[in-house]
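Q: I have a model open and want to learn how to read it. Where do I begin?

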Amino acid sequence: MSPPIKSRLKSLSPSWQNRLRRLNRLRWLEKSRIVRRYGASLRRDPLGVGGYVLLDPELGDFSYELENEDELAGFLASALGSDRATVAGYLAEAHEAPSLTTELEARVRLRPDIKRPVQLSMRISWYAVARLLKPRLIVETGIYHGLGSLALLTALERNRAEGSDGRLISFDLDPGTGWMVPEQLRAAWQPVYASTFDALDATLAGEAVDLFIGDTPPEYEIESFEMHGAMRHAAERIVLLCAGGDRTPALPELAGELGAEYHYFRERPRHPVFSGAGIGLVALTGQRAGVER
């Protein structure tokens, strides 16, 4: 007896599952579940919530601007020992970069699953951190469309123009991810299509990680393994970012183990449904950065 259709669908790659969800005429039902999950109310915001359910193409990985981007500049400056004006300048720079604005709009023009204009959401913080730290090696877990990879590679390209070389290694299970990254930025990019449990240590052997960004599903076992794995290959200074904020205690626990300060930023999206997540950040230097090598 053949397996049920639902079981067969679950065996498909994430990109194919996403395509099939978009073809589903009843995808508004999934959007209704998303509305309930984030506590949005059709009664309180009929235009915003109704517009999302009926018209918005996104079923996750939401695109939005930050209402509190000015607060983000202060948060990053304080956590990373910089000044607010410098960080704010990098945030503004991201809004003007052609690869993240006009060129990206052209790339997504024929994609019905992408909302336009494309907003960087929390990834604008990744851009600013990469510009500020001038990392030689960034490691990212979770690629999906590749918007985060694109933001990081754009920052690395700007760094390179200023004399600071850098590379990005990104991990994802699905080889169909990362389509947003244009060919001209791929020379500094090494996508690895494998589980981090299988490939992280082997890929990073002999490397020194300056910036680690975890953007996989917020599961404690995954986040803890990846964060500790980054520490096994840490440079003299390493910054760890968790895109899920504190949805699991993995990064706060690691900070406690290393005697480091855990920083948390709560974002406020301009979005009718998504209430936002947050950014968890730990910066380590000297002996603490090398403690798990």
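Q: Is Glu-58 buried or exposed?
A: This is a predicted model, so every value here is computed from it. Glu-58 has a relative accessible area of 6%. The cut-off for buried is under 20%, so Glu-58 counts as buried.

Q: Which residue forms a salt bridge with Glu-58?
A: Look for the closest N and O atoms of the two side chains. For Glu-58 the partner is Lys-115, with those atoms 3.6 Å apart. Now place both on the chain. Glu-58 sits in the loop between α4 and α5, and Lys-115 in the loop between α7 (102-108) and α8 (123-133). The pair therefore ties together parts that are 57 residues apart in sequence.

Q: How many salt bridges does a search of the whole structure find?
A: The search finds 15. One of them pairs Arg-131 with Glu-93, whose closest N and O atoms are 2.6 Å apart. Arg-131 belongs to helix α8 and Glu-93 to helix α6 (residues 84-96), so this pair links parts 38 residues apart in sequence.

Q: What is the relative accessibility of Arg-131, and what is that of Glu-93?
A: Check each partner separately. Arg-131 is at 2% and counts as buried. Glu-93 is at 17% and also counts as buried.

Q: Which side chain meets Arg-111 in a salt bridge?
A: That of Asp-113, at 2.9 Å from N to O. Again, read accessibility one residue at a time. Arg-111 is partly exposed at 24%, whereas Asp-113 is buried at 6%.

Q: Which residues do salt bridges that share partners join into one network?
A: Follow the shared partners from pair to pair. Here they join Glu-93, Arg-131, Lys-134, Arg-158 and Glu-162.

Q: Where is Glu-162 found, and which residues does it touch beyond four places in sequence?
A: Start with the element, then list the contacts. Glu-162 is in the loop between α9 (147-161) and β2 (167-172). Leaving out residues up to four places away in sequence, Glu-162 touches Arg-131 and Lys-134. Glu-162 and Lys-134 are 28 residues apart along the chain, with their C-alpha atoms separated by 9.7 Å.

Q: Which residues of α6 are buried?
A: Val-87, Tyr-90, Leu-91, Glu-93 and Ala-94. Next, look down the helix axis. The buried residues of α6 fall within an arc of 155 degrees, so they line one face of the helix. They pack against α5, α8 and α9. The face turned away from the buried side carries the exposed residues Ala-85 and Glu-96.

Q: Where does Asn-68 lie, and is Asn-68 buried or exposed?
A: A loop position needs its own check. Asn-68 lies in the loop between α4 (46-55) and α5 (69-80). Its relative accessible area is 0%, so Asn-68 is buried. Apart from neighbours within four places in sequence, Asn-68 contacts Phe-265, Arg-266, Glu-267 and Arg-268.

Q: What pLDDT does the protein average, and where does pLDDT stay under 50?
A: The average is 89, and 88% of the residues score at least 70. Over residues 1-9 pLDDT stays under 50. For that stretch the model has 4 contacts beyond four places in sequence.

Terms used. Residues numbered from 1 in each chain as written. Predicted model: local features only at pLDDT ≥ 70, side-chain atom pairs only at ≥ 80, totals over all residues. Heavy atoms only, no water. Helix = DSSP H or I, 4+ residues; strand = E, 2+ residues; numbered from the N terminus. Contact = heavy atoms within 4.5 Å. Buried < 20%, exposed > 50% of the residue type's maximum accessible area, 1.4 Å probe, protein only. pLDDT = per-residue confidence, 0-100. Salt bridge = Lys/Arg side-chain N within 4 Å of Asp/Glu carboxyl O. Arc of directions from axis to C-beta.
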